[in-house]
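Work through these exercises with the model open. Each task is followed by its solution.

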Amino acid sequence: MNNPIRIAIAKGRLEKQCRALLVRAGYDCSALETPGRRLIHPLPFQDGTSPPLEAVLSKAPDVVTYVSRGVCALGVAGKDTIIEQGGSFYEMLDLKLGACRFALAAMAGSAFFESAEHKRVATKYPEVARRFLSGLGVDAEIIRIEGSCELAPLLGLSDAIVDIVETGDTLRENGLVILREMLPLSARLIVNVAAYKLRRNEIDNLIEGLKGAKESC
Ligand code: PRP
(Lines give C-alpha, C1' and ligand atoms only; values in the text may rest on other atoms or scores of the structure.)
Protein backbone atom coordinates (compact mmCIF):
# COMPACT_ATOMS: atom_id res chain seq x y z
CA MET A 1 0.00 0.00 0.00
CA ASN A 2 1.48 3.35 -1.04
CA ASN A 3 1.78 6.13 1.52
CA PRO A 4 -0.79 8.81 0.84
CA ILE A 5 0.37 12.17 -0.50
CA ARG A 6 -1.12 14.96 1.56
CA ILE A 7 -2.73 17.86 -0.32
CA ALA A 8 -4.07 21.06 1.25
CA ILE A 9 -6.99 22.62 -0.63
CA ALA A 10 -8.19 26.18 -0.06
CA LYS A 11 -11.76 26.28 1.20
CA GLY A 12 -14.30 28.51 -0.48
CA ARG A 13 -14.40 29.64 -4.09
CA LEU A 14 -11.84 27.08 -5.35
CA GLU A 15 -12.90 24.03 -3.38
CA LYS A 16 -15.71 22.70 -5.54
CA GLN A 17 -13.88 23.20 -8.84
CA CYS A 18 -10.76 21.58 -7.41
CA ARG A 19 -12.78 18.59 -6.23
CA ALA A 20 -14.31 18.19 -9.70
CA LEU A 21 -10.83 18.27 -11.25
CA LEU A 22 -9.55 15.58 -8.87
CA VAL A 23 -12.55 13.39 -9.69
CA ARG A 24 -11.81 13.74 -13.41
CA ALA A 25 -8.18 12.84 -12.67
CA GLY A 26 -9.40 9.55 -11.14
CA TYR A 27 -9.68 10.25 -7.41
CA ASP A 28 -12.64 9.21 -5.32
CA CYS A 29 -13.55 12.50 -3.59
CA SER A 30 -16.71 11.32 -1.85
CA ALA A 31 -15.10 12.00 1.56
CA LEU A 32 -14.96 15.70 0.64
CA GLU A 33 -18.62 15.84 -0.33
CA THR A 34 -19.81 15.15 3.21
CA PRO A 35 -16.82 16.19 5.32
CA GLY A 36 -18.74 16.57 8.60
CA ARG A 37 -16.30 17.71 11.28
CA ARG A 38 -13.40 15.57 10.05
CA LEU A 39 -10.37 17.57 9.01
CA ILE A 40 -8.31 15.04 7.05
CA HIS A 41 -10.02 13.14 4.23
CA PRO A 42 -8.79 10.05 2.34
CA LEU A 43 -9.06 10.35 -1.47
CA PRO A 44 -8.24 6.89 -2.91
CA PHE A 45 -7.23 6.63 -6.54
CA GLN A 46 -10.07 4.79 -8.25
CA ASP A 47 -8.12 1.94 -9.82
CA GLY A 48 -5.63 1.71 -6.94
CA THR A 49 -2.54 2.15 -9.16
CA SER A 50 -1.50 5.63 -7.99
CA PRO A 51 -0.82 6.65 -4.40
CA PRO A 52 -3.92 7.86 -2.63
CA LEU A 53 -4.22 11.48 -1.62
CA GLU A 54 -5.10 12.74 1.83
CA ALA A 55 -6.88 16.09 1.64
CA VAL A 56 -6.90 18.88 4.20
CA LEU A 57 -9.39 21.69 3.64
CA SER A 58 -8.07 24.94 5.04
CA LYS A 59 -8.00 28.70 4.62
CA ALA A 60 -5.88 29.73 1.63
CA PRO A 61 -3.04 31.33 3.67
CA ASP A 62 -2.76 28.11 5.71
CA VAL A 63 -2.42 26.09 2.49
CA VAL A 64 0.69 28.13 1.66
CA THR A 65 2.05 27.70 5.21
CA TYR A 66 1.48 23.93 5.25
CA VAL A 67 3.22 23.43 1.91
CA SER A 68 6.12 25.79 2.74
CA ARG A 69 6.70 23.94 6.01
CA GLY A 70 6.33 20.49 4.46
CA VAL A 71 3.40 19.16 6.48
CA CYS A 72 1.53 18.90 3.18
CA ALA A 73 3.42 17.87 0.04
CA LEU A 74 0.93 19.62 -2.25
CA GLY A 75 -1.43 22.55 -2.07
CA VAL A 76 -4.06 24.27 -4.15
CA ALA A 77 -4.35 27.99 -3.50
CA GLY A 78 -5.13 31.15 -5.43
CA LYS A 79 -2.28 33.11 -6.96
CA ASP A 80 -3.59 36.08 -4.95
CA THR A 81 -2.69 34.36 -1.67
CA ILE A 82 0.57 33.01 -3.08
CA ILE A 83 1.70 36.51 -4.09
CA GLU A 84 0.57 38.07 -0.83
CA GLN A 85 2.15 35.51 1.42
CA GLY A 86 5.19 34.30 -0.51
CA GLY A 87 7.07 31.27 0.79
CA SER A 88 9.39 28.54 -0.31
CA PHE A 89 7.79 25.98 -2.64
CA TYR A 90 7.49 25.14 -6.31
CA GLU A 91 4.53 26.53 -8.24
CA MET A 92 4.04 23.61 -10.61
CA LEU A 93 0.75 24.06 -12.42
CA ASP A 94 -1.76 26.76 -13.28
CA LEU A 95 -5.04 24.94 -12.69
CA LYS A 96 -6.90 27.81 -14.41
CA LEU A 97 -9.67 27.60 -11.80
CA GLY A 98 -11.23 30.59 -10.03
CA ALA A 99 -10.00 33.11 -12.61
CA CYS A 100 -10.09 36.65 -11.24
CA ARG A 101 -7.85 39.72 -11.02
CA PHE A 102 -6.60 42.22 -8.49
CA ALA A 103 -8.16 45.67 -8.74
CA LEU A 104 -8.13 49.05 -7.06
CA ALA A 105 -11.75 50.19 -6.69
CA ALA A 106 -13.61 53.11 -5.14
CA MET A 107 -17.15 54.51 -4.91
CA ALA A 108 -18.39 55.65 -8.32
CA GLY A 109 -17.57 59.34 -8.79
CA SER A 110 -14.85 59.44 -6.16
CA ALA A 111 -11.81 61.62 -6.89
CA PHE A 112 -9.26 59.11 -5.62
CA PHE A 113 -6.43 60.06 -7.97
CA GLU A 114 -7.30 63.75 -8.18
CA SER A 115 -7.48 64.41 -4.44
CA ALA A 116 -4.29 65.39 -2.59
CA GLU A 117 -5.78 64.40 0.76
CA HIS A 118 -4.50 61.56 2.94
CA LYS A 119 -5.75 58.32 1.41
CA ARG A 120 -6.83 55.11 3.14
CA VAL A 121 -7.08 51.82 1.27
CA ALA A 122 -8.73 48.74 2.79
CA THR A 123 -7.60 45.30 1.73
CA LYS A 124 -7.16 41.64 2.59
CA TYR A 125 -3.85 41.85 0.71
CA PRO A 126 -1.67 44.51 2.41
CA GLU A 127 1.60 43.49 0.70
CA VAL A 128 0.02 43.44 -2.75
CA ALA A 129 -1.75 46.75 -2.08
CA ARG A 130 1.45 48.43 -0.87
CA ARG A 131 3.36 47.37 -4.01
CA PHE A 132 0.46 48.15 -6.33
CA LEU A 133 -0.08 51.65 -4.93
CA SER A 134 3.61 52.41 -4.79
CA GLY A 135 3.83 51.44 -8.49
CA LEU A 136 1.04 53.93 -9.16
CA GLY A 137 2.89 56.61 -7.16
CA VAL A 138 0.10 56.73 -4.56
CA ASP A 139 1.02 57.18 -0.92
CA ALA A 140 -1.78 55.62 1.11
CA GLU A 141 -2.44 54.20 4.54
CA ILE A 142 -3.26 50.49 4.24
CA ILE A 143 -6.05 49.18 6.48
CA ARG A 144 -6.15 45.41 6.82
CA ILE A 145 -9.61 43.85 6.58
CA GLU A 146 -10.44 40.18 6.95
CA GLY A 147 -13.93 40.05 5.42
CA SER A 148 -15.65 41.95 2.61
CA CYS A 149 -13.47 44.95 1.78
CA GLU A 150 -16.26 46.46 -0.31
CA LEU A 151 -17.87 47.45 2.97
CA ALA A 152 -14.97 49.73 3.94
CA PRO A 153 -15.74 52.65 1.56
CA LEU A 154 -19.47 52.25 2.29
CA LEU A 155 -18.79 52.66 6.00
CA GLY A 156 -16.35 55.54 5.45
CA LEU A 157 -13.44 53.44 6.71
CA SER A 158 -11.44 53.85 3.50
CA ASP A 159 -11.31 55.83 0.24
CA ALA A 160 -10.67 52.77 -1.90
CA ILE A 161 -10.01 49.03 -1.76
CA VAL A 162 -7.56 46.60 -3.30
CA ASP A 163 -9.26 43.25 -3.71
CA ILE A 164 -9.85 40.41 -6.11
CA VAL A 165 -12.64 40.84 -8.64
CA GLU A 166 -14.19 37.83 -10.35
CA THR A 167 -17.60 38.65 -11.83
CA GLY A 168 -17.62 42.27 -10.61
CA ASP A 169 -21.05 41.73 -9.03
CA THR A 170 -19.96 42.64 -5.50
CA LEU A 171 -18.51 45.95 -6.71
CA ARG A 172 -21.55 46.74 -8.87
CA GLU A 173 -24.12 45.89 -6.21
CA ASN A 174 -22.37 48.20 -3.78
CA GLY A 175 -21.80 51.20 -6.06
CA LEU A 176 -18.06 50.73 -6.52
CA VAL A 177 -16.08 50.95 -9.76
CA ILE A 178 -12.68 49.69 -10.83
CA LEU A 179 -10.03 52.42 -11.02
CA ARG A 180 -7.10 50.22 -12.01
CA GLU A 181 -6.62 46.53 -12.66
CA MET A 182 -3.58 44.39 -12.20
CA LEU A 183 -2.52 40.91 -13.11
CA PRO A 184 -4.90 38.03 -13.82
CA LEU A 185 -5.09 35.36 -11.09
CA SER A 186 -6.12 31.71 -10.84
CA ALA A 187 -5.56 28.65 -8.68
CA ARG A 188 -2.10 27.08 -8.66
CA LEU A 189 -0.79 23.70 -7.59
CA ILE A 190 2.16 24.26 -5.27
CA VAL A 191 4.62 21.57 -4.17
CA ASN A 192 6.92 21.35 -1.17
CA VAL A 193 10.58 21.38 -2.22
CA ALA A 194 11.71 18.36 -0.15
CA ALA A 195 8.58 16.33 -0.96
CA TYR A 196 9.25 16.86 -4.66
CA LYS A 197 12.77 15.47 -4.25
CA LEU A 198 11.52 12.43 -2.36
CA ARG A 199 8.42 11.59 -4.41
CA ARG A 200 9.14 13.20 -7.74
CA ASN A 201 7.78 10.40 -9.97
CA GLU A 202 4.51 10.12 -8.09
CA ILE A 203 4.04 13.90 -8.01
CA ASP A 204 4.90 14.23 -11.71
CA ASN A 205 2.34 11.49 -12.49
CA LEU A 206 -0.28 13.28 -10.46
CA ILE A 207 0.48 16.55 -12.28
CA GLU A 208 0.16 14.78 -15.63
CA GLY A 209 -3.20 13.38 -14.47
CA LEU A 210 -4.39 16.86 -13.49
CA LYS A 211 -3.24 18.32 -16.81
CA GLY A 212 -5.17 15.58 -18.66
CA ALA A 213 -8.24 16.21 -16.51
CA LYS A 214 -8.02 19.94 -17.26
CA GLU A 215 -7.80 19.33 -20.99
CA SER A 216 -10.85 17.06 -20.92
CA CYS A 217 -13.00 19.86 -19.38
C1 PRP B 1 -14.05 37.78 -2.91
C2 PRP B 1 -13.57 39.21 -2.94
C3 PRP B 1 -14.81 39.98 -3.23
C4 PRP B 1 -15.62 39.04 -4.09
C5 PRP B 1 -15.48 39.40 -5.55
O6 PRP B 1 -14.51 37.42 -1.67
O7 PRP B 1 -12.94 39.56 -1.72
O8 PRP B 1 -15.52 40.32 -2.07
O9 PRP B 1 -15.10 37.73 -3.88
O10 PRP B 1 -16.18 38.50 -6.37
P11 PRP B 1 -17.16 39.02 -7.52
O12 PRP B 1 -16.35 39.94 -8.37
O13 PRP B 1 -17.55 37.77 -8.27
O14 PRP B 1 -18.34 39.68 -6.90
P15 PRP B 1 -14.90 35.90 -1.40
O16 PRP B 1 -16.23 35.61 -1.98
O17 PRP B 1 -13.80 35.01 -1.86
O18 PRP B 1 -15.11 35.79 0.14
P19 PRP B 1 -14.37 36.38 1.41
O20 PRP B 1 -14.90 37.77 1.53
O21 PRP B 1 -14.80 35.47 2.48
O22 PRP B 1 -12.88 36.34 1.14
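**Exercise 1.** Which residues are around the ligand?

Solution. The model is predicted: local features need pLDDT of at least 70, side-chain atom pairs count only at pLDDT 80 or more, and totals for chains, interfaces and linings use all residues. Numbering runs from 1 along each chain as its sequence is written, and side-chain values use heavy atoms, without hydrogens and water. Apply the cut-off: a residue is near if one of its heavy atoms lies within 4 Å of the molecule. The shell is Arg-13, Lys-124, Glu-150, Asp-163, Ile-164, Val-165, Glu-166, Thr-167, Gly-168, Asp-169 and Thr-170.

**Exercise 2.** Sort this shell by residue class and by element.

Solution. Class comes first. Two residues are nonpolar, three polar and six charged (Ala, Val, Leu, Ile, Met, Phe, Trp, Tyr, Cys and Pro are nonpolar; Asp, Glu, Lys and Arg charged; the others, Gly among them, polar). Next, take the elements, which are DSSP runs (helices H or I, at least four residues; strands E, at least two) numbered from the N terminus. β9 (160–165) and α7 (169–173) each give at least two shell residues. β9 has the largest share, with three.

**Exercise 3.** Find polar contacts of the ligand (N or O atom pairs within 3.5 Å).

Solution. Start with side chains. A ligand oxygen lies 2.5 Å from an N or O atom in the side chain of Thr-167. For the side chain of Glu-150, the distance from a ligand oxygen to an N or O atom is 2.8 Å. Then check the backbone: a polar backbone atom of Gly-168 is 2.8 Å from a ligand oxygen. Finish with area, by Shrake-Rupley with a 1.4 Å probe. Alone, the ligand exposes 500 Å², and the protein buries 68% of that.

How values were computed
Polar contact = N/O pair within 3.5 Å; in protein donor to acceptor, adjacent residues only side chain to side chain.
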